[in-house]
Every structure is written in C-alpha cells, then in structure tokens.
Amino acid sequence: MDDLFSHTGQGDKKRQESGADQASAEAYFHPGTHAPLAVRMRPRTLDEVVGQEKVLGPGSPLRRLIEGQGDTSVILYGPPGTGKTTIASLISQASGRRFEALSALNSGVKEVRAIIEQARKRLLLGEHTVLFIDEVHRFSKTQQDALLAAVENRTVLLVAATTENPSFSVVSPLLSRSLLVQLSSLSDADIRTVLQRALDDERGYGGRLQVTEEALNQLVAMSAGDARRSLTYLEAAAEGVQFDGENEVGELVASQVKKSLNKAVARYDRDGDQHYDITSAFIKSIRGSDPDAALHYLARMLEGGEDPRFIARRLVIHASEDIGMADPQALQVAVAAYHAVGFIGMPEARLNLAQATIHLATAPKSNGVIAAINSAIGDVQAGRGGAVPAHLRDGHYQGAKALGNAVGYVYPHDDPKGVVPQQYLPEDLKDAVYYRPTTHGHEKTIAARLSSLRAIVRSFLTRG
C-alpha cells in the first residue's frame, strides 16, 4: 500500500502488469502444444464458436460483452463441452482486463476475498479485473455471498460457469446481479465441425490425420453434444494411428475408434440437473406408455452410475401414482424388481429393472389412486371430517355401550350380499367421493362394481 497512490513509475508498472495479465490469461486458456487437444482447439475468436447462435447473435448482450462493450457480470449455464470456458476466455481477451481464475473445487472464501481486494487496489489505478469461476455451483452460500458486493460495485466483472441449474445452485442476490445465459448441447453437425477443424488446423493434426466417414460418425455419436468429449475421444483414438514418417498422413478407421473407446461415457450427473432431467424423462416416458423411450433413459441412468435402488424406488412409486388399480399387478412387479435389485445387484439387476419398466410402460394407466388420496388429504387439511360415527367406534372396553360406542353397527358378513347400507364417513363428509376409477384396464371392472357397492352402502342417504 506504500506506493498505491505514488505516481512515480506508475505508467510503466501498469503496462508491465497488463502484459503479464494477458500472458496469464493466454497461459490459462492456451497453455501450449503439449496441452490436450481439447485445450489447444479452444476457439480463439467469436467466429470459431459453434452451436450457440441463439445467445451469440448480433446485438445480443453476451456478444456485446465478448466484444468488450459491456460491464455486466454473467453466469454461463449449460452441459459440459458447450463453450462456457471458451466464452470466459473471449470476454477476458476482448476487454483487455486483468484475468483471474478460480475453481470452486479448490478455492474458498479466503481466496475469493484476496482476489477481490487485489481487484479493488487495481481499480484505483484504472485497471479492471475479470474473475472467472469455474463450477460456481460448488461454492457454498457463504462463498457466493462473498462475491456480492464486488459484483454489484463492479469491482470485478464476474464470469461464472456452471452445469447446474442456477435457480437451485446460485444464491438469488448473485443471480439478480448477473446476466444469465443458457448454452445448449451441440448438434451432430456442430460436433462434426469441431472435429473437422481439429483435423485441419495446425493446433490439431494439421491435415496429417485422415478419418473415415464411419469413424467420424462414431466419434460424433459418442460425443453426445459435448465438444470437449469429442476432441478427447479423437485424441485417444488417434494415439493408435501409425505414421510412417513426420510428413506422412495417418488414417483413423472405425475399428480403431471402437478399440480405443469401448463405450461412450453416458452424460449423467448423479448430483446435478442430468439426474433430475433424465429421471423426469424416464417417468414421463412410462406414463406416456412409450417403453422404448423409458428403456433409453433407464440405460442412461445405469450407464451413468445411478444407484439402481433409486430407480427401483421410482418404479414402485410410479406403479401406484400412474397405474394404480388399472393394473394391480404393476405394484407387485415394481416391488419385486426392488427386492431383486437388493439381492442380485448389478449388472444382472438391469434385467429386473428393464422388465419392470416395460411392464409399467405397457400397462393401462390411471391416476385414480393419487387423485383419491390427495382429495382425501385435502379435506383433512381443510378441517373437514367430524367425529367418527358412534356405531364405528371401538366397543371393546367396559362402559363403551353406555357411551353409545359400537351400538347399531351392522356386521356386513351377516348379510348374504356381504355389503349393507351403513354410514362410514363422518357426518359432514357422508356423501364425499374420493376414488373415481377410469375405464382403463382392470379399473373398468372396478368402476362397475364400485357403482353397485356405493348404491348399496350409501342407500341410507336416500332414506327419509
């Protein structure tokens, strides 16, 4: 602080630090020829970014920020390999600001406050700071709160990247102070562009590696919209290509891709958005009676390392929530699958889960069970439901009859039909109807029988 306000040599010092800052940013984003292919091929200009035309269109807030025309902090939200780190790089380069980077994996409040304090000192000298935080969703609430004042006062221009839904993983005050930009998974055409650029560009293979169409299709399919993954797979597969000489061209064929990469890593995060999104799609596919889609999402969960017991529990819930009495066996099948998972384990238990999934997806559907219990709970929560009718109360104690308890109760088995006119609901709910069976599957039979049962049981309502 001794020379903070000193004018001696201040211009030289500023120029020196500015050059060091740019070198620091360059080293972070483009560390050299020995870096992984995915790092070397990171776009250097806005024109090299693919797949994000919706958020990078002319005049868009993000494009203006990248072009150095804005001062709003930004939270970049999207799946892995969609360009979040790249955009942070471009913002830093375009703005000419001091670049600082933190990873939420190994940084705490102390590191955040230290950088903010340094940025505050630089600001007095007219220097601005871009603070890039990768995986900001891993910051605790306290760590995120430490950023608020610096972001609001523009002590730093925050560029935060996250694969988690910011609505759940970023504190509201920080969200309200930032521009939220959602990036999309890359299309197959986008991935193909990324791969071809790596094959042609000197940062990549510079035309020395030829990839057959079949091999290229494999790489595209296995990348699942993730540019970083596509380049990682290409680099791994290319390691097995034989080059006869320094200037010779090697060829990568489909068999080599398959040999190098036994399987694509399923895009699935057990603790993040993918967990919730794919689980939701799984259940909705079963509800929609599409076993093929349901099996697809089941496979993605299993390949992503999801706990099979979690999947089995969801099936048990779904059996009652969306099928219920339309197919009473659905619950038995789901529970059997749950127990099978417990004593068989993976990978064989995938068969039990698949069988239960197919059964539930192809079963007739009814939400009668959940609608019935929710309706009943709604009445209870609203305070409806008086005293239990006297004839239904417990009469197995001395003095019960003197209180009128259990007096007048009609034992249904004494009637040849096995059902008698009798009030079971409290007086204020005596005509309530909760369960309304559909005409789907077994519920069609239940509906006809229930109509007859209610006609007998509630005939007391029509008696004078």
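User: Hi! Before we look at the helices, what are the axes and angles I keep hearing about?
Analyst: Hello! Axes are lines fitted to C-alpha atoms, for helices over the stretch in contact, and angles run from 0 to 180 degrees between N-to-C directions. One thing to keep in mind is that this is a predicted model.

User: Got it. So how do the axes of α11 and α12 cross?
Analyst: The axes of helix α11 (residues 213-223) and helix α12 (residues 227-238) come within 8 Å, and they cross at roughly 140°. That makes α11 oblique to α12, because only angles over 145 degrees count as roughly antiparallel. The crossing of α11 past α12 is right-handed.

User: Which residues meet there?
Analyst: From α11 you have Leu219, Met222 and Ser223, and they meet Arg229, Ser230, Tyr233 and Leu234 in α12. The residues of this contact divide into four nonpolar, two polar and one charged.

User: Nice. Switching to the sheet, what order do the strands come in?
Analyst: The order is β2-β3-β4-β1-β5, with five strands forming an open sheet and parallel pairing. At the edges stand β2 (98-103) and β5 (178-182). Each of these has a single partner strand, so one side of each is left without a neighbour in the sheet. On average, neighbouring strands are turned by 15° against each other, direction ignored.

User: And what holds strands together in general?
Analyst: Strands of a sheet pair through backbone hydrogen bonds, either parallel or antiparallel.

User: Back to this one, then. How many bridges join β2 to β3?
Analyst: Six bridges join them, and the two strands run parallel. As an example, Ser103 has Asp134 in β3 as its bridge partner.

User: What about Ser289, where is that?
Analyst: Ser289 is in the loop between α14 (273-287) and α15 (291-303). Its phi is positive too, about 65°, and Ser289 is not a glycine. With a relative accessible area of 38%, Ser289 is partly exposed.

User: Last one: which residues does the cis peptide bond join?
Analyst: The cis bond joins Met346 and Pro347, with omega about 5°. Pro347 lies in the loop between α17 (329-344) and α18 (349-362).

Definitions and conventions:
Residues numbered from 1 in each chain as written. Predicted model: local features only at pLDDT ≥ 70, side-chain atom pairs only at ≥ 80, totals over all residues. Heavy atoms only, no water. Helix = DSSP H or I, 4+ residues; strand = E, 2+ residues; numbered from the N terminus. Buried < 20%, exposed > 50% of the residue type's maximum accessible area, 1.4 Å probe, protein only. Parallel < 35°, antiparallel > 145°, perpendicular 65-115°, else oblique. Left-handed = near helix turned anticlockwise from the far one by under 90°. Contact = heavy atoms within 4.5 Å. Nonpolar A, V, L, I, M, F, W, Y, C, P; charged D, E, K, R; others polar. Pairing = 2+ DSSP bridges.
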